[in-house]
Amino acid sequence: MQRRGIFGVPIRRVLLELRKLYHPPKTFLHFRTPLDLLIATILSAQCTDVRVNLVTRTILYPKYRTARDYLDVSRRGLERDIQTCGFYRTKAKNIQKMCQLLVTRFRGKVPQTVEELTELPGVGRKTAAIILSAAFGKNEGIACDTHVIRLSQRLGLTRHHDPKKIEIDLMRLLPRRQWGVINPLLISHGRAVCTARSRKCDLCVFQKECPSSLTMERKDLAQK
Ligand code: SF4
């Protein structure tokens with residue numbers, strides 16, 4: 001049986017086509033360890049992945065490897081290292097608070113459950129799902145960022161606007177083993193074809209069946 005959103009493209013087709021287009025599905029933030037990914041995710045708020053990757057690769061990763069390393073530097077020093085990522089004061093504060101908790105409560109290791117991860121300052125369900133999937137290969141949820149929300153709505157996989165409800169809709173549609181890949185796949189398509197500002201429906205593989213296809217809308221109007 002085809003699993004289908006309320007009125008949209010069958011989820012199996014969404015997965016099949018996106019896997020062909022964006023292979024292999026991968027996270028956009030570079031990391032070596034789970035801690036790297038946590039730090040990169042904090043830095044990525046209100047900042048491009050390109051900028052974050054530049055800062056982590058050239059400044060942070062050569063200098064910091066453990067949670068203790070981020071505590072051994074002064075707040076001002078850390079702020080200087082990350083200042084091109086924006087909101088650097090808040091981000092430096094959150095990074096050091098998070099690393100303090102990692103050291104005191106988790107022996108410097110990144111925990112592997114949603115409950116423990118969301119105890120960390122600045123880590124919500126979305127970040128926890130990304131860390132668990134990308135760094136530990138555990139599918140405990142689906143990270144619903146702006147691209148995932150937009151694409152899920154346009155493809156007719158959900159009628160909701162609340163990220164938590166969209167996550168539940170996607171979890172119901174997808175087998176658990178696919179929860180981790182849908183996020184990078186939808187982000188890739190959301191960046192390349194179905195962007196917030198312009199939908200390139202004429203070039204999209206879902207053009208014929210997507211309920212939000214502008215091409216279909218234009219044809220409908222022409223027939224009236
Ligand atoms: S057909 Fe258009 S609206 Fe639908 S997913 Fe593709 S680009 Fe987005």
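A residue counts as buried if 20 or more other C-beta atoms lie within 10 Å of its own, exposed if 12 or fewer, and partly exposed in between, with C-beta atoms placed from the backbone. Of the 224 residues of the protein chain, 37% are buried by that count. Before you click around, note that this is a predicted model, where local features need pLDDT of at least 70, side-chain atom pairs count only at pLDDT 80 or more, and totals for chains, interfaces and linings use all residues. Numbering starts from 1 along each chain as its sequence is written.

**Stop 1: the whole chain**

Show the cartoon for the protein chain: you'll find 12 helices and 0 strands. Helices (H or I, at least four residues) and strands (E, at least two) are DSSP runs, numbered from the N terminus. The C-alpha trace spans about 70 × 35 × 30 Å along its principal axes.

**Stop 2: two domains**

Now colour 11-24 + 142-216 as domain 1 and 34-109 as domain 2; such bounds come from an automatic or database domain assignment. Taken over C-alpha atoms, the centres of domain 1 and domain 2 are separated by 30 Å.

**Stop 3: the core**

Next, select Leu-38, Ile-39, Leu-43, Ile-95, Ile-131 and Ile-182, which touch the most other members of the 57-residue largest nonpolar core. A nonpolar core here is a set of buried Ala, Val, Leu, Ile, Met, Phe, Trp, Tyr and Cys residues joined through C-beta atoms within 7 Å. Helix H2 (residues 34-43) brings the largest share of this core, 7 residues. The core lies between domain 1 (11-24 + 142-216) and domain 2 (34-109), because both give residues to it.

Zoom in on Leu-38: leaving out residues up to four places away in sequence, Leu-38 touches Met-98, Val-110 and Ile-131. Contact means that the C-beta atoms of two residues, placed from the backbone, lie within 7 Å.

**Stop 4: helix H11**

Select residues 179-192, helix H11. Here 11 of the 14 residues are buried, so H11 is largely enclosed by the rest of the structure. Among those buried residues are Trp-179, Ile-182 and His-189. What do they pack against? The buried residues of H11 pack against helix H1 (11-21), helix H8 (125-136), helix H9 (146-154) and helix H10 (163-173).

**Stop 5**

**Stop 6: the loop between H1 and H2**

Go to His-30, in the loop between H1 and H2. His-30 is partly exposed, with 16 other C-beta atoms within 10 Å. Leaving aside neighbours within four places in sequence, His-30 is in contact with Asn-53, Thr-56 and Arg-57. Pro-24 lies in the loop between H1 and H2 too, and the peptide bond from His-23 to Pro-24 is cis, with omega near -10°.

**Stop 7**

Most residues other than glycine have a negative phi, and most peptide bonds are trans. Select Phe-87, which has a positive phi of about 45° although it is not a glycine. Phe-87 is in the loop between helix H5 (75-82) and helix H6 (88-106). Finish at Arg-107, not a glycine but with a positive phi of about 55°. Arg-107 sits in the loop between H6 and helix H7 (114-117). Is Arg-107 buried or exposed? Arg-107 is exposed, with 9 other C-beta atoms within 10 Å.

Methods. Expected span 1.5 Å × (residues − 1).
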